[in-house]
Amino acid sequence: LDDYIKTFRKDKEGLKGIFKVIGQVGLGIIVGATIYFHPGITINENPQLPGNTQTIELISSAANPVTTSAEEKSTKTTIPFVKNNEFDYASLITWISPEYAKYAWLIFIPIVIFIVTAVSNGANLTDGIDGLAAGTSTIIVLTLGIFAWVS
């Protein structure tokens, strides 16, 4: 919308900053709520390796058997480049009482809003400084593609 206003309406100011932030927060709420509440977004704690049944049999016959579990809804996320990289958002609130795990969305959605806003503004600042956001975006897309392929 900002680029549309700058290009087609010939307004060099573009979209006002407050409206950009409102849009980013709105998008963050939509993305965060969808990720948290949608029943189709699940995790599998101990997935089987496809096509590697011999490895699984060898591992499961050792002292630590491999058990597979069905996909389940969870508040866990992965933090890259950190050992034991699973972080559970519910742990930020369940230290008060385990009953509060159902309110983990109160922590999860604001964190998603922060991430969406930070990434969007980071791209806008990079593009505003030198106009070369396409180059940095390419590096980011390639890195995320590699992460997705590896995981």
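Q: How many aromatic pairs does the structure hold?
A: Rings of Phe, Tyr and Trp (its six-membered ring) pair if their centres lie within 6.5 Å. This is a predicted model, in which local features need pLDDT of at least 70, side-chain atom pairs count only at pLDDT 80 or more, and totals for chains, interfaces and linings use all residues. Side-chain values use heavy atoms, without hydrogens and water, and residues are numbered from 1 along each chain as its sequence is written. The number of aromatic pairs is seven.

Q: Are the rings of Phe37 and Trp105 stacked, edge-to-face or tilted?
A: Planes under 30 degrees apart count as stacked, over 60 as edge-to-face and the rest as tilted. The centres of the Phe37 and Trp105 rings are 6.1 Å apart and their planes are at 55°, so the pair is tilted.

Q: How many residues apart are Phe37 and Trp105?
A: Helices are DSSP runs (H or I, at least four residues), numbered from the N terminus. Phe37 is in helix H2 (residues 17–37) and Trp105 in helix H5 (residues 105–130), so the pair links distant parts of the chain. The separation is 68 residues.

Q: What is the relative accessibility of Trp105?
A: Buried means under 20% relative accessible area, exposed over 50%, and partly exposed in between (1.4 Å probe, protein chains only). Phe37 is partly exposed at 47%. Trp105 also counts as partly exposed, at 32%.

Q: How many of the 18 residues of H6 are buried?
A: Helix H6 covers residues 133–150. H6 is hardly covered, and its count of buried residues is one.

How values were computed:
Helix = DSSP H or I, 4+ residues; strand = E, 2+ residues; numbered from the N terminus. Expected span 1.5 Å × (residues − 1).
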